[in-house]
Amino acid sequence: MKNEKFLKCRECGRNFLFTPEEQDFYARKGYGSPRRCKDCRRASRLRKTGQVFSGICAACGKEARVGFQPARETLVYCGDCWAQIATERRALRRARSESKKRQG
């Protein structure tokens, strides 16, 4: 089983987590390790398209600005809510990973 890795973003210089699930996904697709954090990749996509779309945050109801045209069934989140959701997901992944290590 793969371990979590911390990589350094080549744009902002921050360390970011490269989870075992992400490593498996990248390996299946034939990609190497990411060189930029998710925030910098998202910002790069916005710069490339030059388009920013507005939606309503599914969590708090404030305006959410995203780099894709949201479909009706697509949930979008403002930056604050997205950061909170990402933090909660990372904590759940870590807890699951630690639980598997203890069991196996």
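A residue is called buried when its relative accessible area is under 20%. Please bear in mind throughout that this is a predicted model.

With that cut-off, C40 counts as buried, because its relative accessibility is 10%. C57 also falls under the limit and so counts as buried, at 3% relative accessibility.

Let me turn to the bonding state of the cysteines. How many disulfides does a search of the whole structure find? The search returns zero. C40, accordingly listed in no disulfide, has the sulfur of C37 as its nearest cysteine sulfur, 3.6 Å away. For a disulfide, the two sulfur atoms must lie within 2.5 Å. For C57, the closest cysteine sulfur belongs to C60; the separation is 3.7 Å, which is too far for a bond.

I move now to the strands. Which residues form the paired strands β1 and β2? Strand β1 covers residues 5–8 and strand β2 covers residues 15–18. Their pairing is antiparallel and runs over four bridges. Within this pairing, K5 has F18 of β2 as its bridge partner, while K8 stands opposite N15 in β2.

To summarise, the search finds zero disulfides, and β1 and β2 pair in the antiparallel sense. Thank you.

Notes
Residues are numbered from 1 along each chain as its sequence is written. This is a predicted model: local features need pLDDT of at least 70, side-chain atom pairs count only at pLDDT 80 or more; totals for chains, interfaces and linings use all residues. Side-chain values use heavy atoms; hydrogens and water are left out. Two strands pair if DSSP finds at least two bridges between them. Helices (H or I, at least four residues) and strands (E, at least two) are DSSP runs, numbered from the N terminus. Buried means under 20% relative accessible area, exposed over 50%, partly exposed in between (1.4 Å probe, protein chains only).
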